[in-house]
Amino acid sequence: MIIDTKFLKYIVIGLICLFFELLIFYIFLSYTNLNVFISNTIALIVGILIAFNLNAYFNFKIYDNYLSRMIKSFVVYFSGIILSNLMLHFFLSYASAMVSKILTLPIILIYQYLLNAKWTFRESR
């Protein structure tokens with residue numbers, strides 16, 4: 001089985017973003033009075049900003065229509081936030097906040113990669 005190099009780069013970029021996302025989630029969860037969903041959303045927004053720029057320049061190498069692509073990316077990522085929070089709500093019935101957060105990650109990874117690859121970073125026609 002051959003794995004697409006763009007998907008591999010997406011995973012590496014995702015791991016970089018994941019580090020910052022989990023760090024920010026942990027900081028907000030541990031050192032503020034913000035609830036788990038607001039902490040999750042803030043962490044995801046920071047991850048989105050990092051991911052969009054790294055994917056645009058280093059993975060998909062798409063430099064045109066920056067604003068349009070960023071808007072598409074935010075649509076993809078914000079729909080991912082909604083999905084992540086829904087799954088987080090479900091998993092919190094069975095596990096801690098951090099474990100629940102980690103359980104959402106593979107599903108969100110695949111969901112967002114497919115939408116970004118096929119829509120956000122699609123070659124201009």
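**Note on salt bridges, helix packing and a surface patch**

1. A search of the whole structure, which is a predicted model, finds 2 salt bridges. One of them joins K101 to E21, with the closest N and O atoms 2.5 Å apart. This pair links distant parts of the chain, since K101 belongs to helix α4 and E21 to helix α1, the two being 80 residues apart. Both K101 and E21 are buried.

2. The salt bridge between D64 and R69 has its closest N and O atoms 3.0 Å apart. Here D64 is partly exposed, because its relative accessible area is 33%, whereas R69, at a relative accessible area of 5%, counts as buried.

3. Turning to the helices, α1 and α2, the latter covering residues 36–59, pack at an angle of about 150° with their axes 8 Å apart. An angle over 145 degrees counts as roughly antiparallel, and α1 is therefore roughly antiparallel to α2. Their crossing is right-handed.

4. Helix α3 (residues 66–91) packs against helix α4 (residues 97–120) at an angle of about 150°, and the axes of this pair lie 9 Å apart. That angle makes α3 roughly antiparallel to α4, and α3 passes α4 in a right-handed crossing.

5. On the surface, a nonpolar patch is formed by V12, I16, F19, F20, L23, Y26, I27 and Y31, which together have about 790 Å² of accessible area. Among them, I16 is placed in helix α1, which spans residues 5–31, and I16 is partly exposed because its relative accessible area is 39%.

Key: Residues numbered from 1 in each chain as written. Predicted model: local features only at pLDDT ≥ 70, side-chain atom pairs only at ≥ 80, totals over all residues. Heavy atoms only, no water. Patch = residues over 30% accessible without salt bridge, like charges linked within 9 Å, V, L, I, M, F, W, Y side chains within 5 Å. Areas by Shrake-Rupley, 256 points an atom, 1.4 Å probe, with all protein chains shown as cover. Salt bridge = Lys/Arg side-chain N within 4 Å of Asp/Glu carboxyl O. Helix = DSSP H or I, 4+ residues; strand = E, 2+ residues; numbered from the N terminus. Buried < 20%, exposed > 50% of the residue type's maximum accessible area, 1.4 Å probe, protein only. Axes fitted to C-alpha atoms, helices over the stretch in contact; angles between N-to-C directions. Parallel < 35°, antiparallel > 145°, perpendicular 65-115°, else oblique. Left-handed = near helix turned anticlockwise from the far one by under 90°.
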